[in-house]
Amino acid sequence: MSAPTLEPYATQQRWQSAAPLLGEAWQALLVAYLAGLARACDAAGPCVIGHIKALALFDTGDYLRLSAISAAFPPTVDGRVPDGLAALSLSLNVLVYGLPAAALQDLTWRTAAALAQNHALTLAEDLPSPPEDHAHGNMRHHRA
Amino acid sequence: MHLLLVTGFLGSGKTSLILSLAHAARETDRRVAIIVNEIGEIGIDNQLMRRLSLDVWELTNGCICCTLTADLVTTLHKLDEGYAPELVIVEPSGAAEPANLLRAMPYYRGRPLESTRWIAVLDPLRLPMLLEVLTPLITAGIRQADSLIISKADLASPQEVAAAEAAARDINPAVPLHAVVLTRPLDPALAAELLP
């Protein structure tokens, strides 16, 4: 069997609620999102999910990292969402062998949009932003 | 300057292991730099590492094992001259061919590396499938590593962990191998063994 090809897809999303939510509610929502996206990839055709990973950073210093590697296993979670947020930004990398980037983009958006609709949330997607710090060619340095 | 290469397939637990090792190294007051190469336009691992107050150099817009190999050497030079770390941890993307990185090292002309060590992280939940579908990539990492870490020992069944160990031993019989739970702090003795 020849190795399947990998076309990475990345995006940044802004999730917005009409009212502040508990951190646990945001976390449950995003876990459901990654699980749903993994299932959607699995159902879209022969593929190997390499890694679907997401990160949200918060002004409190907290972070939430989510990771899905298969439709058969629930996403893993590291960190926490602080209580009382009405919106959050999510960076997402979708690394799936065997599905073209255009298909991943479509699945990523459709899965998120369906979840947002079910939970009365609004959703926006942004192009990846440039690095915060100085850059030298292909090298970005981020000092703590 | 010691060089520690941490490889493994996408989602195997490389970043979690690096966070633990960097934390352990910093507890002994060692100056640590991390070079990260991620696939995709958004670097998630470097954002997390920065949030955790680690010093991170990110290689972007390509793969560290092919198009960015020269950038890795350049970055090591810059680190050596401007930051003088005692330990550099390199995290290639999970789709990289790690042996290519070591082939680039002779082109590094800075302070001689005191040691180069390679740890491969294996995901017991997916190793049998990956060995079947991505055979060259996965076997190369196992065959050439100095140490193997089987991650997710809390998520995998004992049978899955044992099967992963057996599969890894088939490829590299003599390599030190440890099954760990990366969501917990690394055992200090193991951290000391893994760190150069």
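This is a predicted model: local features need pLDDT of at least 70, side-chain atom pairs count only at pLDDT 80 or more; totals for chains, interfaces and linings use all residues.

Modeller: Residues are numbered from 1 along each chain as its sequence is written, while chains are lettered from A and ligands numbered from 1 in the order in which they are written.

Biologist: How many residues of chain B are in contact with chain A?
Modeller: Two residues are in contact if their C-beta atoms, placed from the backbone, lie within 7 Å. Here 32 residues of chain B are in contact with 29 residues of chain A.

Biologist: Which elements of chain B supply that side?
Modeller: Helices (H or I, at least four residues) and strands (E, at least two) are DSSP runs, numbered from the N terminus. Helix H2 (44-51), strand E3 (56-59) and helix H3 (69-82) of chain B each give at least two residues to the side that touches chain A. H2(B) has the largest share, 6 residues.

Biologist: How does that side of chain B divide by class?
Modeller: Ala, Val, Leu, Ile, Met, Phe, Trp, Tyr, Cys and Pro count as nonpolar, Asp, Glu, Lys and Arg as charged, and the others, Gly among them, as polar. The side of chain B that touches chain A has 14 nonpolar, 10 polar and 8 charged residues.

Biologist: What does buried mean, and how many residues of H2(B) are buried?
Modeller: A residue is buried if 20 or more other C-beta atoms lie within 10 Å of its own, exposed if 12 or fewer, and partly exposed in between, with C-beta atoms placed from the backbone. In H2(B), 7 of its 8 residues are buried, including Ile44(B), Leu48(B) and Met49(B).

Biologist: At what angle do helices H1 and H2 of chain A pack?
Modeller: Axes are lines fitted to C-alpha atoms, for helices over the stretch in contact, and angles run from 0 to 180 degrees between N-to-C directions. H1 (residues 23-44) and H2 (residues 101-118) of chain A pack at about 140°, their axes 9 Å apart. That makes H1(A) oblique to H2(A): angles under 35 degrees count as roughly parallel, over 145 as roughly antiparallel, 65 to 115 as roughly perpendicular and the rest as oblique. Among the residues making the contact are Leu29(A) and Gly36(A) of H1(A), with Leu107(A) and Thr111(A) of H2(A). By class, this contact has 11 nonpolar, 3 polar and no charged residues.

Biologist: And what should I know about phi?
Modeller: Most residues other than glycine have a negative phi. Ala120(A), however, has a positive phi near 55°. Ala120(A) lies in the loop between H2 and strand E6 (122-126) of chain A. Lys152(B) also has a positive phi, about 60°, and sits in the loop between strand E6 (147-150) and helix H7 (158-171) of chain B.

Biologist: Where is Val181(B) found?
Modeller: Val181(B) is in the loop between strand E7 (177-179) and helix H8 (188-194) of chain B. Val181(B) is partly exposed because 15 other C-beta atoms lie within 10 Å.
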